[in-house]
Amino acid sequence: MIKGGKATVLTFAEKSKNILESNWQGYLNTVKADAKGSKGEVYSSKVRYLVKRGKPYVWVAENDMHNVNTMIDERGSFAVTSPMPGPLANLLKSIKKLPARVALMGEVLPLKDEKAKFARESLKEVISSERSMIEKFSYTVLGILSSSSLGVTCRGDNLQELFDADKGYVVFKFNPSSCMYIDSTGGTHEVGLEEVQATKPDPLSSYTMSLIDGINQSEARRRALILFCITHLSKNAKDAYLLSIDQKGFDVLGKVLGPVRSDGSREYQWREFRIPLREEAHSVEIFCRQLVEMEEKALKSFSNFTGL
């Protein structure tokens with residue numbers, strides 16, 4: 001439990017909101033159509049988006065088939081995965097573990113001129129705001145972000161291409177009618193749209209990708225994750241990666257000894273663990289400060305125990 005008695009495990013609504021807010025691209029699916037009408041087959045492509053007032057606003061290239069499809073049939077779905085940067089994506093693929101994801105069903109509605117202009121202006125404001133925050137970050141935060149292969153970037157940097165590219169875009173509003181959270185084991189959990197929309201965005205979401213990658217790309221911080229498994233969870237981990245972060249804590253993928261087999265042997269297995277923060281991190285600064293404090297405490301605890 002976080003200090004103050006608050007729960008450290010996220011609800012499915014919070015998990016869904018975090019995924020939607022921390023990513024910037026997803027797969028839009030619409031029903032294939034031509035001049036003769038709907039064909040019933042599904043067309044899918046990767047698109048970039050921004051969540052505004054709880055709904056995804058999607059940027060679709062002018063020559064993309066979605067533009068024709070939605071003129072005939074507005075039904076669609078939108079799928080977004082949890083951010084999996086750098087070595088984390090390769091690890092999950094090697095152990096056949098899927099990233100958690102969110103699937104929305106609903107209508108894909110093109111925005112009229114004024115509303116499309118408003119969406120573009122909102123996107124510019126988000127990009128500017130996120131970049132200005134980076135300029136205010138402390139040495140501790142920048143030290144973690146700079147270890148990332150992505151560099152010191154935010155979600156907005158990945159959306160800037162929508163303005164830099166030569167090709168034009170049509171802005172759509174995805175109006176969801178249902179939401180499904182799909183965990184890493186493939187388990188599905190229906191989530192009420194009212195719950196997702198009522199959930200506040202996590203203050204770390206704009207920098208989730210770079211923070212996760214910055215920690216996983218640092219050998220020293222990876223060793224600290226191993227120590228967390230030992231000191232916080234009493235799990236003798238051989239290796240560890242950061243899987244996800246939020247204001248209440250973080251999830252670690254640790255390589256630990258599995259159960260004893262019938263022949264008495266044991267094998268290392270990758271397992272997911274939850275490690276709570278001492279107090280909710282209402283900013284990136286607070287998260288990084290607590291992480292450093294936890295690293296120092298874990299190292300001291302381990303040294304005292306082993307005498308090293």
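Reader: Hi! Which ring does the charged end of Arg-222 sit over?
Author: In this predicted model, the charged end of Arg-222 sits over the ring of Tyr-241, and the distance to the ring centre is 3.8 Å.

Reader: Nice. And Lys-238, which ring does its charged end sit over?
Author: That would be Tyr-268, with the charged end of Lys-238 placed 5.0 Å from the ring centre.

Reader: Let's switch to ring pairs. How many aromatic pairs are there in the whole structure?
Author: A search of the whole structure gives seven aromatic pairs. One of them joins Tyr-241 and Trp-270, with 6.1 Å from centre to centre and 50° between the planes, so the pair counts as tilted rather than edge-to-face, which needs over 60.

Reader: Where do those two sit in the chain?
Author: Tyr-241 belongs to strand E8 (residues 239-246) and Trp-270 to strand E10 (residues 268-276), so this pair links distant parts of the chain, 29 residues apart.

Reader: Is Tyr-241 buried or exposed?
Author: Tyr-241 is buried, at a relative accessible area of 12%.

Reader: What about Phe-250 and Phe-287, what kind of pair do they form?
Author: Phe-250 and Phe-287 make an edge-to-face pair, 6.5 Å centre to centre with 85° between the planes. Phe-250 is in strand E9 (residues 249-257) and Phe-287 is in helix H11 (residues 284-306), so the pair ties together parts 37 residues apart in sequence. Both Phe-250 and Phe-287 are buried.

Reader: Last one: which residues do ring pairs link into a cluster?
Author: Tyr-49, Phe-78 and Phe-174 are linked into a cluster by ring pairs.

Methods
Residues numbered from 1 in each chain as written. Predicted model: local features only at pLDDT ≥ 70, side-chain atom pairs only at ≥ 80, totals over all residues. Heavy atoms only, no water. Phe/Tyr/Trp six-rings, centres within 6.5 Å; stacked < 30°, edge-to-face > 60°. Helix = DSSP H or I, 4+ residues; strand = E, 2+ residues; numbered from the N terminus. Buried < 20%, exposed > 50% of the residue type's maximum accessible area, 1.4 Å probe, protein only. Lys NZ or Arg CZ within 6 Å of the ring centre and 35° of its normal.
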